[in-house]
Amino acid sequence: MATCFCWRGCGALHGRLALHGRGLRGVAGLRAPGPAPLRTYVPGRGGLPAALLRTDGFVGGRWIPAAAAFPVLDPASGAELGRVADCGAPEARAAVRAAHEAFCTWRGVSAKERSSLLRKWYDLMIQNKDDLAKIITAESGKPLKEAQGEILYSALFLEWFSEEARRIYGDIISIPSKDKRALVLKQPLGVAVVITPWNFPSAMITRKVGAALAAGCTVVVKPAEDTPFSALALAELANQAGIPPGVYNVIPCSQKKAKDVGEALCTDPLVSKISFTGSTATGKILLHHAANSVKRISMELGGHAPFIVFDSANVDQAVAGAMASKFRNSGQTCVCSNRFLVQKGIHDSFVKKFAEAIKTSLHVGNGFEERTTQGPLINEKAVEKVEKHVSDALSKGATVVTGGKRHQLGKNFFEPTLLSNVTQDMLCSHEETFGPLAPVIKFNSEEEAVTIANAMDVGLAGYFYSQDPAQIWRVAEQLEVGMVGVNEGLISTVECPFGGVKQSGLGREGSKYGIDEYLELKYVCFGGL
């Protein structure tokens, strides 16, 4: 746990914004702290909310500019949405000091008061849900309906942990000695660094921060460079909710500075906890940083979810589950089904109905268009990876059932794609695609399917469809994953633990277990009685 000391931050200043054409850009002029005047940017058919569109970092309750700014782009059009403060290692260390100073007070705030403040933050998210969703769609390309769903999901973590804050219980342990009593206390760890991805730019923050604040920790958030506006909008609402200065801090930065900022945050001796969602490769780097000072770690890393359809399955239900699991956010979720293992007796029927559903139910377009179900991928690099997986599969004998190429809408759009005749030697069988690609592998027996499913060094989520009760129990227990969907393609909910096994991460988020990631156990022996 952290030891408190006092640090007085210097007065931070706000950067002003000017409207150049249709994008918000920073200018050199600075002024005293206070709400910055912002104007509305109109991407396509939707207007972004001026009151929530912040561009500076947020440290110690103040909006702070940086010496430079980096552009945030609309992945649908490539247009610049705005320029955000490009914070570096000095700003990161200042944010940690502000969080540490705030922790000295926040840890002593009653659970009831922490609960009340989190509930106010939740209420403000609900009041501003439509505007928050527009920000997500603008910076990530996610269809607006999905973005609205994310905001509700995101807010529910604040509600959940506002309630869990009052349920942090210790223990009294019976011991042999009559003149002693043994107690176990649960106490907050200290400053938590929260590093989040672009695919769920709001929910990945509240799932971590809600638990941290409920436990009595303070946080420094480093959002993904593609989607900083959501994190900064949450900071604005946290401020409005009365979350004390320094309890919630945000340090945005460009990809160029991400390595230095991440290292500064994760090696700072004042940091007690690191929570990260992202790639396994980056997670290993952060583990190395944390090892030198033995910090507490929780990580949700890469996955390669199998989706198994057994002969006993209801095909229509399996297709509906496959659609929900695979194509949400254009296949850009860590729990997306990546490998479809279909038993030979039901294979042809499943592939036919799956293809029909893809062709009739999915509509590629700008996320602000009402009929859109598939927005752009986050950037061209993501599209190139999907292309690489498709090309590799075709070169090794796979067949395109539908899709298979870039969409005519633009460079970041890719057609929802279904491949058959896929084998285990293809890239899409052993690498996470993170895009709208559904490869189907035919299998013969239950044992074969489980063996293929477990052949990876990751294990986040897995899905299977069966009407055989005995088989359901066997497969659910045998799958080497942290979460299993049985006859269900959507499994995430705030009440249940989220996390993986193997190289898919450490610890759990959400649920009653999530708050434990931010608490330290202290044994107290009371003698002389």
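This is a predicted model: local features need pLDDT of at least 70, side-chain atom pairs count only at pLDDT 80 or more; totals for chains, interfaces and linings use all residues.
## A pair of neighbouring strands

Another of the facing pairs is formed by Ala305 and Ser337, the latter being its bridge partner in E15. In general, the strands of a sheet pair through backbone hydrogen bonds, in either a parallel or an antiparallel sense.

How many of the residues of E14 are buried? The count is 5 of the 5, so this strand is largely enclosed by the rest of the structure. Ala305, Phe307 and Val309 point one way from E14, while Pro306 and Ile308 point the other way, and all of them are buried.

E14 and E15 belong to an open sheet of 7 strands, whose order is E16-E17-E18-E15-E14-E20-E21 and whose pairing is mixed. At its edges stand strand E16 (399–402) and strand E21 (483–486), each of which has a single partner strand, so that one side of each is left without a neighbour in the sheet. On average, and with direction ignored, neighbouring strands of this sheet are turned by 25° against each other.

Gln343 is found in strand E15, which spans residues 337–343. With a relative accessibility of 11%, Gln343 counts as buried, because the cut-off for that class is under 20%. When its neighbours within four places in sequence are left aside, Gln343 is in contact with Val309, Phe310 and Asp311, and also with Phe443, Asn444 and Ser445.

## The sheet of 3 strands

An open sheet of 3 strands is also present, with the order E7-E8-E24 and antiparallel pairing. Its edge strands are E7 (171–173) and E24 (519–526), each of which pairs on one side only. From one strand to the next, the twist averages 25°.

Within this sheet, E7 and strand E8 (residues 181–188) pair in the antiparallel sense over 3 bridges. Ile173 has Ala182 as its bridge partner in E8.

## Helix H4 and its two partners

Helix H4 (residues 144–164) packs with helix H3 (residues 129–140) at an angle of about 125°, and their axes are 8 Å apart. H3 and H4 are therefore oblique to each other, and their crossing is right-handed. From H3, the residues Lys129, Asp130, Leu132, Ala133, Lys134, Ile136 and Thr137 meet Leu144, Ala147, Gln148, Glu150 and Ile151 of H4. The residues of this contact between H3 and H4 divide into 6 nonpolar, 2 polar and 4 charged.

How do H4 and helix H5 (residues 203–215) cross, and within what distance do their axes come? The axes of H4 and H5 come within 8 Å and cross at roughly 5°, and the two helices are therefore roughly parallel to each other. H4 contributes Glu150, Tyr153, Ser154, Phe157, Leu158 and Phe161 to the contact, and H5 contributes Ala203, Thr206, Arg207, Gly210, Ala211 and Ala214. By class, the residues of the contact of H4 with H5 are 7 nonpolar, 3 polar and 2 charged.

Ile135 has its place in helix H3, and with a relative accessibility of 3% Ile135 counts as buried. Neighbours within four places in sequence aside, the residues in contact with Ile135 are Leu48, Pro49, Leu52, Phe229, Ser230 and Ala233. Ile135 and Pro201 are 66 residues apart in sequence, and from C-alpha to C-alpha they are 9.8 Å apart in space.

## Helices H9 and H10

Helix H9 (residues 315–327) and helix H10 (residues 347–361) pack at an angle of about 50°, with 10 Å between their axes. That angle makes H9 oblique to H10, and the crossing of these helices is right-handed.

On the side of H9, the contact involves Val315, Asp316, Ala318, Val319, Ala322, Met323 and Phe327, which meet Ser349, Phe350, Lys353, Phe354, Ala357, Ile358 and Ser361 in H10. The residues of the contact of H9 with H10 divide into 10 nonpolar, 2 polar and 2 charged.

Methods:
Residues are numbered from 1 along each chain as its sequence is written. Side-chain values use heavy atoms; hydrogens and water are left out. Two strands pair if DSSP finds at least two bridges between them. Helices (H or I, at least four residues) and strands (E, at least two) are DSSP runs, numbered from the N terminus. Axes are lines fitted to C-alpha atoms, for helices over the stretch in contact, and angles run from 0 to 180 degrees between N-to-C directions. Angles under 35 degrees count as roughly parallel, over 145 as roughly antiparallel, 65 to 115 as roughly perpendicular and the rest as oblique. A crossing is left-handed if the near helix is turned anticlockwise from the far one by less than a right angle, and right-handed if clockwise. Contact means heavy atoms within 4.5 Å. Ala, Val, Leu, Ile, Met, Phe, Trp, Tyr, Cys and Pro count as nonpolar, Asp, Glu, Lys and Arg as charged, and the others, Gly among them, as polar. Buried means under 20% relative accessible area, exposed over 50%, partly exposed in between (1.4 Å probe, protein chains only).
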